[in-house]
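Student: I would like to learn how to read helix packing, a hairpin and a core in a model. Could you take me through them step by step?

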Amino acid sequence: MDKCIICTFNFDTFQDPSCSLQSLHLGFNDFTEQGADLLANALQFNGSLISLSLDGCKIGGKGGIHIASMLQVNRTLTHLGLAYTDLDADCIIAMATVLHGNQTLKSVDLSRPLLHSRLEESTIHISRMLQVNSTLTELKLSLHSMTDTGCEWLCSHLLENTSLTHLDLSSNKLSRDGGRHFAGLLRANTPLTSLNLSCNHIDDHGLTDISSALLVNTRLTCLNVCYNKAGDGGLCELAACLQTNNTSLTHLYIWGNLLGTPSCDAFRELLESCRLHPDNTDVHSYVVDNITHLSRTRHHAY
């Protein structure tokens with residue numbers, strides 16, 4: 001949808017009781033703060049729209065505040081995409097505050113806001129929200145500059161969450177301690193079924209802690225640990241976990257780590273034994289001169 005169509009769009013349509021539009025995707029268009037204000041006002045009392053995506057639209061922090069204000073009134077939206085919209089810390093905090101009471105939204109994407117503080121105030125507010133919110137099932141917080149300290153906050157509050165099943169923390173600043181914090185969360189068998197930790201730095205130690213937790217976890221079905229600087233130690237522990245105690249994890253993504261011969265052999269065994277289905281991972285094994293190698297496939301986690 002180009003700029004001229006956005007500018008002449010009749011937002012009053014959303015306030016018409018006969019409006020039946022259920023999904024609106026305006027992603028990566030010239031839709032800015034002013035458009036977000038008009039859209040938010042129109043959607044306050046809309047009774048049909050359940051999915052809204054503004055991903056890539058530069059609505060900024062003020063535009064995000066307009067959307068957050070709308071969510072205080074709207075009781076229809078269940079899916080909201082605000083990734084790459086240049087939200088600021090105040091907007092993220094406002095969204096977290098609104099989600100304390102919102103009982104409708106199930107999926108929210110807040111990836112890549114523009115955060116300049118190192119105090120992780122937004123993470124703290126999101127963590128407190130997740131402690132009490134009982135509706136949200138999917139949350140994407142990619143590129144939030146979250147550190148192990150923020151991760152500790154998040155995991156401690158998620159221990160009391162009863163609804164979140166999908167969590168995306170890819171491309172943050174988590175290290176081995178972040179892996180340890182998530183290991184504690186996984187041992188508690190919270191509702192979490194899908195966890196994306198790709199493009200962090202949890203390394204062997206963090207992955208070993210997570211593998212140990214998966215020996216007792218019975219909920220997690222999908223784990224993405226691509227590009228985490230993990231080597232044979234952590235990867236072999238993860239493979240051994242799947243071969244022995246864990247039966248719930250069915251989707252596993254590991255490409256981009258330090259794949260040596262031991263870890264290649266371990267994942268080849270997982271694939272050949274059918275413990276890990278080829279469609280549910282991002283690696284494929286092959287042998288050259290009696291040495292196992294792994295290549296990347298086209299399968300990717302959410």
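This is a predicted model: local features need pLDDT of at least 70, side-chain atom pairs count only at pLDDT 80 or more; totals for chains, interfaces and linings use all residues.

Tutor: Helix 2 (residues 33-43) packs on helix 3 (residues 60-71) at an angle of about 5°, and their axes lie 8 Å apart. Residues are numbered from 1 along each chain as its sequence is written; local features need pLDDT of at least 70, side-chain atom pairs count only at pLDDT 80 or more, and totals for chains, interfaces and linings use all residues. Side-chain values use heavy atoms, with hydrogens and water left out.

Student: How do helix 2 and helix 3 run relative to each other?

Tutor: Angles under 35 degrees count as roughly parallel, so helix 2 and helix 3 are roughly parallel to each other. Helix 2 makes the contact (heavy atoms within 4.5 Å) through Glu33, Ala36, Asp37, Ala40 and Leu43, and helix 3 through Lys62, Gly63, His66, Ile67 and Met70. By class, that contact has five nonpolar, two polar and three charged residues.

Student: In which sense do strand 10 and strand 11 pair?

Tutor: Strands pair if DSSP finds at least two bridges between them. Strand 10 (residues 283-288) and strand 11 (residues 291-296) pair in the antiparallel sense over six bridges. Val288 has Ile291 as its bridge partner. Two residues lie between the strands of this hairpin, where Asp289 takes a positive phi near 55°.

Student: Which residues have the most contacts inside the largest nonpolar core?

Tutor: In soluble globular proteins, nonpolar side chains tend to be buried together. Here the largest nonpolar core has 81 residues, and Leu39, Leu54, Leu167, Phe182 and Leu223 have the most contacts inside it. A core joins buried nonpolar residues (under 20% relative accessible area, 1.4 Å probe) through side-chain atoms within 4.5 Å.

Methods
Buried means under 20% relative accessible area, exposed over 50%, partly exposed in between (1.4 Å probe, protein chains only). Axes are lines fitted to C-alpha atoms, for helices over the stretch in contact, and angles run from 0 to 180 degrees between N-to-C directions. Helices (H or I, at least four residues) and strands (E, at least two) are DSSP runs, numbered from the N terminus. Angles under 35 degrees count as roughly parallel, over 145 as roughly antiparallel, 65 to 115 as roughly perpendicular and the rest as oblique. Ala, Val, Leu, Ile, Met, Phe, Trp, Tyr, Cys and Pro count as nonpolar, Asp, Glu, Lys and Arg as charged, and the others, Gly among them, as polar.
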